[in-house]
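This report sets out the architecture of one protein chain.

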Amino acid sequence: MKNQASRIAIAIVGAGPGGLLLARMLHRASLSVTVFEREADARVRPQGGTLDLHEDGGLRALAEAGLMKEFKRIARPEDQGNKLYNRHGDLLFDEPGSEHGGRPEVDRSALREMLLDAIPVAKVRWGQAVSGAEPLDDGRWRLLLDDGRRASEAFDLVVGADGAGSRLRPLLSTYPLQYSGLTLLEFGIDDVDARHPEVAALVGRGKMMVHGDGRALIAQRNGNAHIRVYAVFRVPADWAGRRFDLYRPERVQAQLLEEFTGFAPSIQALIRASNGFYVPRPIHALPVGHRWAHRKGLTLIGDAAHLMSPFGGEGVNAALLDAAILGRALADTAAAALDWDAAVARSEEEMFERVIEAASGSADAAAEQLSHDGEALALEHLMQHQAQRLQPAPAHA
Ligand SMILES: Cc1cc2nc3c(=O)[nH]c(=O)nc-3n(C[C@H](O)[C@H](O)[C@H](O)COP(=O)(O)OP(=O)(O)OC[C@H]3O[C@@H](n4cnc5c(N)ncnc54)[C@H](O)[C@@H]3O)c2cc1C
């Protein structure tokens with residue numbers, strides 16, 4: 001009887017997109033699920049930039065979880081445009097945003113709120129940073145917490161959805177993260193339409209990029225007239241902390257302008273409009289084809305399983321789809337009283353194969369960033385993607 005998913009206790013570590021979508025799937029199937037999240041509450045920090053969901057990725061997953069109606073309320077289909085400039089400020093490529101592109105944007109915070117609204121509040125235990133898990137004699141697992149305590153109950157299945165620095169991954173895989181050679185310095189521009197109309201026009205309804213002199217600026221329009229900017233450098237992983245006075249942010253703007261000397265004033269305007277909050281992000285990834293030998297009662301989804309560079313724009317799509325597929329497998333085995341552990345093993349195998357293409361594309365995209373012909377490659381990709389983006393909107397109900 002214990003082999004039936006309807007009778008097992010499931011813990012999800014991490015209330016990111018992957019963990020919350022899985023919780024929604026399990027809750028919908030009336031399975032017992034508890035989410036452990038290290039952040040103190042749902043709104044403790046802004047969840048980061050805008051994400052575009054793909055038809056065969058995030059959109060398929062949301063449809064599977066019965067959340068398309070809710071998603072349409074928060075999606076920004078009009079913000080799918082793309083612009084590429086050179087360092088002199090000349091526009092090389094311009095695809096205006098269109099409501100009919102197949103990859104609607106959504107703010108990460110709005111996505112998280114939508115997913116939280118789709119499960120009972122009590123399913124998430126906030127402020128519970130998990131440091132690992134220990135196997136018990138009866139085959140179940142007990143979660144270990146960062147403060148030295150243990151979670152009070154034991155779980156039959158623990159799903160690590162705890163992102164890039166997963167604390168559960170070492171129980172399944174010995175692979176360390178690999179530094180991509182790229183570091184982003186992220187900053188924001190607030191109230192752009194009213195306060196910086198020239199920057200609003202430069203970025204347009206979507207994303208803009210400019211490459212030159214071995215650096216790049218990528219800016220994305222988010223909701224609430226906010227623009228998020230990433231300055232991209234190919235440097236050692238600890239470079240940003242040495243180059244920029246991150247503890248004295250009032251100095252960073254001038255340091256960034258030094259890095260982008262020789263760029264047109266119209267491009268430097270992005271840096272001048274900064275709101276003064278800077279976050280360095282060295283970009284890491286797991287090896288393409290990362291996998292592990294199945295271990296009963298423990299699995300990983302999303303970035304914890306297959307962290308990839310963000311340059312492919314695939315990470316959240318893969319995380320949502322992992323969750324939908326695992327959630328569906330557990331729901332189906334519960335309904336048919338089948339072996340849940342075999343279903344988890346099959347989901348892992350499916351995930352390992354499915355993400356190879358996205359991980360490999362993301363690794364290539366990271367390798368091409370800031371290469372000697374980065375601008376030409378970016379132009380080529382934009383033209384290829386333009387054809388895809390003009391596909392009709394997905395038919396998910
Ligand atoms: C700068 C940047 C830009 C990106 N842009 C895009 C994009 O445009 N498109 C795209 O598809 N992807 C993008 N990504 C990737 C995308 O953010 C991830 O792939 C996606 O968020 C993965 O979802 P997840 O649920 O697996 O993990 P996460 O979103 O990382 O969520 C993990 C959750 O687990 C919690 N957690 C972590 N450790 C613990 C612990 N020990 N105990 C308890 N809780 C814990 C975290 O607080 C978090 O809530 C980007 C990433 C970066 C860094």
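## Largest cavity

Thr299, Leu300, Ile301, Asp322, Ile325, Leu326, Ser347, Glu348, Glu350, Met351 and Arg354 form the lining of the largest cavity. A cavity is a set of points, on a 1 Å grid over the protein atoms alone, where a 1.4 Å probe fits but cannot get out, and lining residues have an atom within 4 Å of a point. Two or more lining residues each come from strand S16 (298-300), helix H11 (315-335) and helix H12 (340-368). H12 contributes the most, with 5 residues. Helices (H or I, at least four residues) and strands (E, at least two) are DSSP runs numbered from the N terminus.

The volume of the largest cavity is about 60 Å³; a volume is the space filled by probe spheres set on the points, with grid points joined across faces, edges and corners. Its lining comprises 5 nonpolar, 2 polar and 4 charged residues. In this classification Ala, Val, Leu, Ile, Met, Phe, Trp, Tyr, Cys and Pro are nonpolar, Asp, Glu, Lys and Arg are charged, and the others, Gly among them, are polar.

## Basis of the model

The model is predicted: local features need pLDDT of at least 70, side-chain atom pairs count only at pLDDT 80 or more, and totals for chains, interfaces and linings use all residues. Residues are numbered from 1 along each chain as its sequence is written, and side-chain values use heavy atoms, with hydrogens and water left out.

## Second largest cavity

There are 3 cavities of 30 Å³ or more. By class, 7 of the lining residues are nonpolar, 3 are polar and none is charged.

## Overall fold

The chain contains 13 helices and 16 strands. Its radius of gyration is 22 Å, close to the 21 Å given by the globule rule for 397 residues, so the chain is as compact as a globular protein of that length. The radius is taken over C-alpha atoms, and the rule is 2.2 Å times the number of residues to the power 0.38. Along the principal axes, the C-alpha trace spans about 70 × 45 × 35 Å.

## Mixed sheet

An open sheet of 7 strands has the order S5-S4-S12-S13-S14-S11-S15, with mixed pairing; two strands pair if DSSP finds at least two bridges between them. Strand S5 (91-95) and strand S15 (279-285) are the edges, each with a single partner strand, so one side of each lacks a neighbour in the sheet. On average, neighbouring strands of this sheet are turned by 20 degrees against each other, direction ignored. Axes are lines fitted to C-alpha atoms, for helices over the stretch in contact, and angles run from 0 to 180 degrees between N-to-C directions.

Strand S11 (residues 178-189) runs antiparallel to S15, joined by 6 bridges, and glutamate 186 stands opposite valine 279 in S15. Helix H9 (residues 265-272) lies across strand S4 (81-85), S11, strand S12 (206-212), strand S13 (215-221) and strand S14 (227-234), at about 65 degrees to S13.

## Parallel sheet

A further open sheet has 5 strands in the order S7-S2-S1-S10-S16, with parallel pairing. Strand S7 (124-125) and S16 are its edge strands, each pairing on one side only. Helix H1 (residues 17-28) packs on this sheet, touching strand S1 (9-13), strand S2 (32-36), S7 and S10, and its direction makes about 160 degrees with that of S1; contact means heavy atoms within 4.5 Å.

Strand S10 (residues 157-160) pairs with S16 in the parallel sense over 3 bridges. Threonine 299 in S16 stands opposite valine 159, and Thr299 is also among the residues lining the largest cavity.

## Hairpins

S4 and S5 pair in the antiparallel sense over 4 bridges, and leucine 84 has phenylalanine 93 in S5 as its bridge partner. These strands form a hairpin with 5 residues between them, and glycine 89 in the turn has a positive phi of about 90 degrees.

Strand S8 (residues 130-135) and strand S9 (residues 141-145) are antiparallel and pair over 5 bridges, with valine 130 opposite leucine 145 in S9. The S8 and S9 hairpin has 5 residues between its strands, and glycine 139 in the turn has a positive phi of about 90 degrees.

Key: 1 Å grid on protein atoms, 1.4 Å probe; cavity = no way out; pocket = protein on both sides within 12 Å on 5 of 7 lines; lining within 4 Å.
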